[in-house]
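Me: Hi! Could you walk me through this one while I have it open on my screen?

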Amino acid sequence: MPSSAPPDTTPAAAPSVEDLFRELEASVRKFRPNEDLTPLEKAYRFAAARHEGQKRASGEPYMIHPLLVTRQLADMHMDMTCLETGLLHDVVEDTTATIEEIRKNFGEDVAHCVGGVTKLSKLDLASREERQAESVRKMLLAMVTDIRVIIVKMADRLHNLRTLGSLPREKQERIAQETIEIYAPIAHRLGMGKVRGELEDLSFQYLEPEASRELLKEFEAQHQTNEALLKEIKHTVEVHLAREGIPARVETRVKRAYSVYQKLKRQKITLDQVYDLLAVRIITDSVKNCYAALGVIHNEWHPIPGRIKDFIAIPRPNLYQSLHTSVMGPGGRHFEVQIRTEEMHRIAEEGIAAHWKYKEGRKGPAVDDQRIAWLRQLVEWQRDMRDPGEFMSTLKVDLYPEEVYAFTPMGKVIVLPRDATPIDFAYAIHSDVGTHCTGAKVNGRIVPLKSTLRNGDVVEILTQAGHLPSKDWLAVVKTSKARNKIKHVINTTERAKAIEIGQKYLQVEARRLGVRLSEITKAQLESVASEYGYGKMEDLHAALGYGKFSPRQILQKLAPDQVLPPEPAAPETAAPTQPVVPADKQDLVIKVKGIDDLLVYRAKCCNPIKGEPIVGYVTRGKGVAVHSLSCNNVQNLMYEAERKIDVEWARSSAGAFPVKLMIHTEDKPGMLNQLTTALVNEQTNIRSLEARTDGAPDAAVIDMTLEVRDKKQLERVVSAIRRISGVRDIERVNQ
């Protein structure tokens, strides 16, 4: 049953810090009755002394936070090192304590875990994006050698979300977004289902407050009906299982709020069309009885075709095992049934945390543990990723839920993300197989490489020596392994071409201006390269080849007496032989940081609006294309990191931006009137509007192009539309 309580926003009349520690101590003693708890008290005293006088945003003593984080770890039955880390996890980040002090007082293991959880100082890196990327990278590196790092971080994030109400709205949204994108998916990959569920539901309340309230209101309205139905189903299941001699305990639940919201949004359906809104969980003693229980359920209720999944025979990559089926229940109501053993249930709830045997000295998973294999690979790949945006995007791709199970001709199972292609399959087998892939057979038939694989497909990859990947592959692959390998090959090839082109551009322009490159020393060349932030001249040649600078700019620095600075009215972005965009075609609301003579325009594919995070990509002869960071094309373009350039919104910019919205609604009278009224109230102009019926019954789609001033106004408009009764979903449409 999803929680309908709002997040904790004010400190309750809680016990004192000392009382909380004594409660923690008693909790630990229950599951570790014979262990010396002196290290726990030592860590508490150290942390309490360092955090003395500090307050949280809610006004309560700061020390309450590490105590409640550690209580969460104690409830998970974690070991003493993990509990000490929980108490100390913020002392390096928020006090004068150092890692060396932690190491000296508490040992290497605790110091390693505290270091892994500690975010980087704001002084270390320039931008928030860089700090986030490097902090996550640091945490992942620490996780590889000691998984307790992420378990502490999950407990820390859980308590922060439970008490997020005291923070400013902007910070609430940022923390909730990071949780949804990074921490909840990591919890999923590690099999920590219970933690993942709470992280998602709490974040959902801050990211989509109105949708969350509306959904919880619908849950509440159906509560009595659902509870009565689940009680009836539970009784029926228990009676039939007992009659067949199958020992089991039966649990019931209503699907989690965020999970329901995702399904409603993805499938554009109403709450009564969600098959697995209601669920029954049967926990029995053996695999044999799991299948026997499935037979009992299907004998009593008709199964819904295509809804039977056997994760016992083929476990998910995070080692989740269970039988799933959806059936037509009493009164025509659908419900889902999950069947598993006690051990499977423990793994499903706790995941990787359930496997640690710290008393035997284990710090992390076995080398071949599937749940951590993806992380080991990511740590290998990240060595080539210096761009923080690329690292975070790659991480989010890699955290994509894995759902497709395909087979090699020899019967080996290859697990891939939903919508994966034969190219992803090829790279999953081996990097060389992917690089030299020329075609694929699926179930014995030749298919296009961009085809989508389905569960049970048998895939054979065709290869040819010397063949190299195409840039077009980046638009269709779904796995980070495939994406990174393709980028690496293309980048190496493109860089060599760019260096050659850059050298020629420089030579041609030097001849035109009468500059003798032969008289310029290597030291002069390297000095100019250094001015532009490059260690070697070949890096500067590559930048010239990509069109990031003009040859005249370089020559003006090399021979200032011979080359006059370019006229402001006629800036150059590439070789003179290339086409140049007229100055009056530039987008004056955006500018390149630190450079005044580059042409700039907003990319049509995503049409970024003022206030959105943006990134520039240098094109040959057309200037700088500016994309929204959320644009699907960004990652496909950024395989050539040299072409990325920092851009920003001009402070003086004004005017309106066209934004296209697709609104999914109920097909009922008065809907258009309500929409236009809401837009008038938000002082938004409508450029175009088209309404049509959708394929589903009683459903309609409204395509609308609006004019908005910036991201904030768009957010207000979207919120106003969501509040209208009958609106099921709203999405921004890019060209």
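What follows is a chat about this predicted model.

Me: What about contacts, how many join residues at least 24 apart?
Reply: That is 67% of the contacts in the protein chain between residues at least 6 apart in sequence.

Me: Which of the H1 residues are buried?
Reply: Those are Val17, Leu20, Phe21, Leu24, Glu25, Ser27 and Val28. Looking down the axis of H1, the buried residues fall within an arc of 165°, so they line one face of the helix.

Me: Why would such a spacing put residues on one side?
Reply: An α-helix has 3.6 residues a turn, so residues three or four places apart point the same way.

Me: Nice. What covers the buried residues of H1?
Reply: The cover includes helix H2 (38-50), helix H3 (64-75) and helix H4 (80-88).

Me: While we're at H4, is Thr85 buried or exposed?
Reply: Thr85, which lies in helix H4, is buried, with a relative accessible area of 0%. Leaving aside residues up to four places away in sequence, Thr85 touches Val110, Cys113, Val114 and Val152.

Me: Switching to sheets. What's the strand order in the one with E13?
Reply: The order is E13-E15-E14-E16, an open sheet of 4 strands with mixed pairing. Strand E13 (600-602) and E16 are the edge strands, each pairing on one side only.

Me: How many residues of E14 are buried?
Reply: In strand E14 (residues 614-619), 6 of 6 residues are buried. Both faces are covered, with Ile614, Gly616 and Val618 on one side and Val615, Tyr617 and Thr619 on the other. As a rule, side chains in a regular strand alternate between the two faces of the sheet.

Me: And how does E14 pair with E15?
Reply: E14 and strand E15 (residues 623-628) pair in the antiparallel sense over 6 bridges. Ile614 has Ser628 as its bridge partner in E15, and Thr619 has Gly623.

Me: What about E14 and E16?
Reply: Strand E16 (residues 644-645) is joined to E14 by 2 bridges, and the two run antiparallel. Gly616 is partnered with Ile645 there.

Me: Last topic: which strands make up the sheet with E18?
Reply: That open sheet has 4 strands in the order E19-E20-E18-E21, with antiparallel pairing. Strand E19 (685-693) and strand E21 (727-733) each have a single partner strand, so one side of each is left without a neighbour in the sheet. Neighbouring strands are turned by 20° against each other on average, direction ignored.

Me: How many bridges join E18 to E21?
Reply: Strand E18 (residues 657-666) is joined to E21 by 6 bridges.

Conventions: Residues are numbered from 1 along each chain as its sequence is written. This is a predicted model: local features need pLDDT of at least 70, side-chain atom pairs count only at pLDDT 80 or more; totals for chains, interfaces and linings use all residues. Side-chain values use heavy atoms; hydrogens and water are left out. Contact means heavy atoms within 4.5 Å. Two strands pair if DSSP finds at least two bridges between them. Axes are lines fitted to C-alpha atoms, for helices over the stretch in contact, and angles run from 0 to 180 degrees between N-to-C directions. Buried means under 20% relative accessible area, exposed over 50%, partly exposed in between (1.4 Å probe, protein chains only). The arc is that of the directions from the helix axis to the C-beta atoms.
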